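Colleague: Let us go through this model together. I will ask, you answer.

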Amino acid sequence: MTDFHAAIYGLVQGLTEFLPVSSSAHLRIVPALLGWEDAGAAYTAIIQWGTLLAALIYFRKDIFTILFGKAGEKDENGAGRHLLVPIIIGTIPIAVVGLLLKKHIENEFRSLYFIGINMILFAIILGLAERRAKAQRTIDSVTNKDGLIVGLAQMCSLMPGASRSGTTITGALFIGLERSTAARFSFLLGLPAIFAAGLKELIDGMRDAKGTTITPYAHSALHARPLIIASVVAFVVGWISIDWLLKFLKKNPTYVFIAYRIIAGLAIIALVKAGTIH
């Protein structure tokens, strides 16, 4: 992989990780359209650490209050210790199902036809959530039950094309959270899953089938350089994406993303059936 390819992967990851359009789908689609080889699910999971770092720094005050704040204490965004248990509960479904379906996620689930269907299906579900959304609840009202519901929605993001932010925002809208609050809780809930997925893929990538260390990502600068470039670009662009989306959802619904997903999904299916991409 060249430095240019890595930079494009990082740009796509940063732009789409936090927007409800599916980063994994775009990291699969863009190479197919450009005639590049698929970088694979493992590569995708590792460069997510760039966007993970962007989210950790962006939400540092929320995270500090959740982890170390006193009972009842809340920051200016309403985040507090009460979110810790809902986030833990909400992380369990994706962790369990992710381990059970790992081989499928890395292989047949990455079919472009399957991705196109998921882009459309989960756009329709997000549309239903948007239509019935009361958009009244704030983040300080989130309960353990809410964490489980949004966590089950996040579990669906294991299917490429579903979108982690898209499914969690959908779940958060269904429980009545205000749009920008839904996105904020979505991002906070996704942090443990993104970290765990990246860590596991990094460890797996450093071992062969017998468990001996071979470090294909780090044993030479040739292999490590593209990962570093992609991660740095993903960090910068991811930060911008988070800030833009939170501000956008304060005044606007998610219909523009819904329309984009449906159009993109239909285009992918049409291109696959026509044999233009494989």
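Colleague: Which residue's backbone oxygen lies 2.5 Å from a polar atom of the side chain of Ser157?
Modeller: Ser157 sits in the loop between helix H8 (144-155) and helix H9 (164-174). Helices here are DSSP runs of H or I with at least four residues, strands are E runs of at least two, and both are numbered from the N terminus. A polar contact is a pair of N or O atoms within 3.5 Å; within protein, one must be able to donate a hydrogen and the other to accept it, and residues adjacent in sequence count only if both atoms are side-chain atoms. At 2.5 Å from the Ser157 side chain, the backbone oxygen is that of Gln154.

Colleague: What kind of model is this, and which cut-offs apply?
Modeller: Residues are numbered from 1 along each chain as its sequence is written, and side-chain values use heavy atoms, with hydrogens and water left out. The model is predicted: totals for chains, interfaces and linings use all residues, side-chain atom pairs count only at pLDDT 80 or more, and local features need pLDDT of at least 70.

Colleague: Is Ser157 buried or exposed?
Modeller: Buried means under 20% relative accessible area, exposed over 50%, and partly exposed in between (1.4 Å probe, protein chains only). Contact means heavy atoms within 4.5 Å. Leaving aside neighbours within four places in sequence, Ser157 has contacts that include Ile94 and Thr167. Its relative accessibility is 11%, so Ser157 counts as buried.

Colleague: Which side chain joins that of Asp146 in a polar contact of 2.5 Å?
Modeller: Asp146 is in helix H8. It is buried, with a relative accessible area of 6%. Not counting residues up to four places away in sequence, Asp146 touches Arg137, Ser141 and Ile175. The side chain at 2.5 Å is that of Arg137.

Colleague: Which element has the highest mean pLDDT?
Modeller: pLDDT is the predictor's confidence in each residue, from 0 to 100. The chain averages 84, and 87% of the residues score at least 70. Helix H6 (residues 102-106) has the lowest mean, 68, among the elements; the highest, 95, belongs to H8.

Colleague: What do the buried residues of H4 line?
Modeller: They are Asp62, Ile63, Thr65 and Ile66. Seen down the axis of H4, they fall within an arc of 165 degrees, so they line one face of the helix. The arc is that of the directions from the helix axis to the C-beta atoms. On the other side of H4 are the exposed Phe64 and Phe68, while the buried residues line one face.

Colleague: How far apart are the C-alpha atoms of Ala71 and Arg81?
Modeller: Ala71 is in the loop between helix H4 (60-68) and helix H5 (84-100). It is exposed, with a relative accessible area of 78%. Ala71 and Arg81 are 10 residues apart along the chain, and their C-alpha atoms are separated by 6.0 Å.

Colleague: How many aromatic pairs does the count come to?
Modeller: Rings of Phe, Tyr and Trp (its six-membered ring) pair if their centres lie within 6.5 Å; planes under 30 degrees apart count as stacked, over 60 as edge-to-face and the rest as tilted. By this rule the aromatic pairs number 11.

Colleague: How many residues apart in sequence are the parts tied together by Phe4 and Trp36?
Modeller: The pair is edge-to-face, 6.2 Å centre to centre with 75 degrees between the planes. Phe4 lies in helix H1 and Trp36 in the loop between helix H2 (23-34) and helix H3 (41-58), so the pair ties together parts whose separation in sequence is 32 residues.

Colleague: Is Phe257 buried or exposed?
Modeller: Phe257 forms an edge-to-face pair with Trp244, 6.3 Å centre to centre and 85 degrees between the planes. Trp244 lies in helix H11 (residues 221-251) and Phe257 in helix H12 (residues 255-274). Trp244 counts as partly exposed at 41% relative accessibility. Phe257 has a relative accessible area of 6%: buried.
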